[in-house]
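Subject: Structure handover

Hi,

Here is the structure I promised to pass on. Please open it next to this email; my notes follow below.

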Amino acid sequence: MKEEIKKDGLSAGLAVIAERIRSRRTTKLFHKRKISEQLIKDAVEVARWAPNHHLTEPWHFYLLGPQMVTEAAELIATIIRENKEDEHLANFKQESALAMPGWLLVTCKRSEDLLRQQEDYASCCCAVQNLSLYLSEAGVAMKWTTGDITRDPRLFELMGIDFDDQFVVGLFWYGYPRSLPKQSRKNVDEILTETY
Ligand SMILES: Cc1cc2nc3c(=O)[nH]c(=O)nc-3n(C[C@H](O)[C@H](O)[C@H](O)COP(=O)(O)O)c2cc1C
């Protein structure tokens with residue numbers, strides 16, 4: 001099989017997956033073109049294969065429809081008006097939000113057990129990365145946001161989510177990117193310590 005061709009000890013498949021992981025980028029600059037709902041459903045199907053301790057499957061994915069997007073964008077503006085009293089910024093953020101071709105909200109189940117909640121959140125983040133890499137392979141980029149709206153009880157009310165049961169891991173805007181920014185990371189020898 002093609003994937004099994006070895007090159008310098010590294011299979012072609014490994015090189016492909018490494019490059020996919022490296023080249024996934026956050027952006028909020030999208031073309032207007034909508035993304036098929038089926039692609040997002042397929043990405044959610046892949047996302048749920050993330051590791052999760054005690055098999056809690058703590059995630060939930062909410063795909064927002066046009067009416068919900070309108071109301072959520074309005075809420076973003078309302079929150080800015082309340083917190084910053086900046087009408088211009090409120091309108092700008094509302095318009096920017098409305099221009100996002102796709103909206104996905106990911107929540108995590110709350111737990112009174114702190115360790116459980118920490119592990120569940122970790123699992124949700126793994127699931128988000130699965131989703132993100134799958135979409136990236138399909139040419140779709142995302143922006144993960146944890147802005148004020150993601151903690152506002154009015155969002156939960158709007159979406160019919162029980163605030164006492166779930167918290168928001170992130171609101172994800174996605175679409176076909178107009179451009180992708182450059183990114184860098186520290187060298188491996190700065191972040192890897194080998195012990196005996
Ligand atoms: C938990 C989490 C929360 C984030 N929240 C925001 C956010 O509120 N606003 C934002 O612009 N980016 C946010 N990001 C995206 C990061 O800024 C982005 O991943 C980082 O700049 C690295 O870029 P890359 O994703 O292209 O590697 C968040 C990322 C994570 C993992």
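Start at Leu-63, which sits in strand E3, residues 59–63. Keep in mind that this is a predicted model.

Is Leu-63 buried, exposed or partly exposed? It is partly exposed, because 13 other C-beta atoms lie within 10 Å, and a residue needs 20 or more to be buried. Set aside neighbours within four places in sequence, and Leu-63 has contacts with Glu-37, Ile-40 and Leu-104.

Next, the core. The largest nonpolar core holds 36 residues. Which residues have the most contacts inside it? They are Val-106 and Tyr-174. Val-106 touches residues from several parts of the sequence. Beyond its neighbours within four places, its contacts are Trp-59, Phe-61, Cys-124, Val-128, Val-169, Gly-170 and Phe-172. Note two links back to the start of this email. Trp-59 and Phe-61, both in contact with Val-106, fall in the range of strand E3, residues 59–63.

Now the chain overall. It has 7 helices and 6 strands. From the N terminus, the order is β-β-α-α-β-α-α-β-α-β-α-β-α. Along the principal axes, the C-alpha atoms fill a box of roughly 60 × 45 × 35 Å. Of the 196 residues, 24% are buried. Take the contacts between residues at least 6 apart in sequence: 78% of them join residues at least 24 apart.

Last, helix H4. It covers residues 87–98, 12 residues in total. From first C-alpha to last it reaches 16 Å, close to the 16 Å expected at 1.5 Å a residue. Its buried residues are Ala-90, Gln-94 and Ala-97. Why do these count as being on the same side of H4? Because they cover an arc of only 65° around the axis. His-88 and Glu-95 are exposed on the other side. What covers the buried residues of H4? Helix H3, residues 66–84, is part of that cover.

For a quick tour, I would go through Leu-63 in strand E3, then Val-106 in the largest nonpolar core, then the buried residues of H4, including Gln-94.

Best wishes

Note on methods. Residues numbered from 1 in each chain as written. Predicted model: local features only at pLDDT ≥ 70, side-chain atom pairs only at ≥ 80, totals over all residues. Helix = DSSP H or I, 4+ residues; strand = E, 2+ residues; numbered from the N terminus. Buried ≥ 20, exposed ≤ 12 C-beta atoms within 10 Å, placed from the backbone. Contact = placed C-beta atoms within 7 Å. Core = buried A, V, L, I, M, F, W, Y, C linked by C-beta atoms within 7 Å. Expected span 1.5 Å × (residues − 1). Arc of directions from axis to C-beta.
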